[in-house]
Amino acid sequence: MGSQSDWPTMKGAAQILDDLGVSYETKIVSAHRTPDRLWTYGKTAVERGLQVIIAGAGGAAHLPGMMASKTRVPVIGVPVQTKALSGVDSLYSILQMPKGYPVATMPIGSAGAPNAALMAAGILALQDPELAQRLDAWREALSASIPDEPQDEHL
């Protein structure tokens, strides 16, 4: 993530990855404030065994795109909701990548981080049958949690 303030959003990805038993690391890597850290992280991603990178950023949101420019590892971008423009600025920054530097872009904010984790798990599950089974079970449990008919909410 680009900053500590992104953690409340990105924690949603960590929870899904925990639920699915997928190992991960969490790092603060700012495209603007820690560019050397970004370069090193991206350039060493393959040799460190990373297979997917989820990058969350708000505002100018250059982290996902800059990370994609430094590694062949697939990058999934999460636009963090901002106060100024409600995350639309983040979304546009992540979506508008030039040809050659793809970033899979998720929804803004609290839906984006869990969806990024599910996308990452889906990518990893292509080569991991046990993870594929856990992901299928997670999706089945989600479907089973949806009632057939609406109910009145009790206050």
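This is a predicted model: local features need pLDDT of at least 70, side-chain atom pairs count only at pLDDT 80 or more; totals for chains, interfaces and linings use all residues.
Local features need pLDDT of at least 70 and side-chain atom pairs 80 or more, while totals for chains, interfaces and linings use all residues. Numbering runs from 1 along each chain as its sequence is written, and side-chain values use heavy atoms, without hydrogens and water.

Visitor: Is Ser30 buried or exposed?
Guide: Ser30 lies in the loop between α1 (7-20) and α2 (35-44). Helices (H or I, at least four residues) and strands (E, at least two) are DSSP runs, numbered from the N terminus. Buried means under 20% relative accessible area, exposed over 50%, partly exposed in between (1.4 Å probe, protein chains only). Ser30 has 4% relative accessibility, so Ser30 is buried.

Visitor: Which residues does Ser30 contact, leaving aside its neighbours within four places in sequence?
Guide: Contact means heavy atoms within 4.5 Å. With those neighbours set aside, the partners of Ser30 are Gly2, Pro35 and Leu38.

Visitor: How many residues of β2 are buried?
Guide: β2 spans 75-80. Val75, Gly77 and Pro79 point one way, and Ile76, Val78 and Val80 the other way; all are buried. The count for β2 is six of six.

Visitor: Which residue in β3 is the bridge partner of Gly77?
Guide: Two strands pair if DSSP finds at least two bridges between them. β2 and β3 pair in the parallel sense, over two bridges. In β3, the partner of Gly77 is Thr105.
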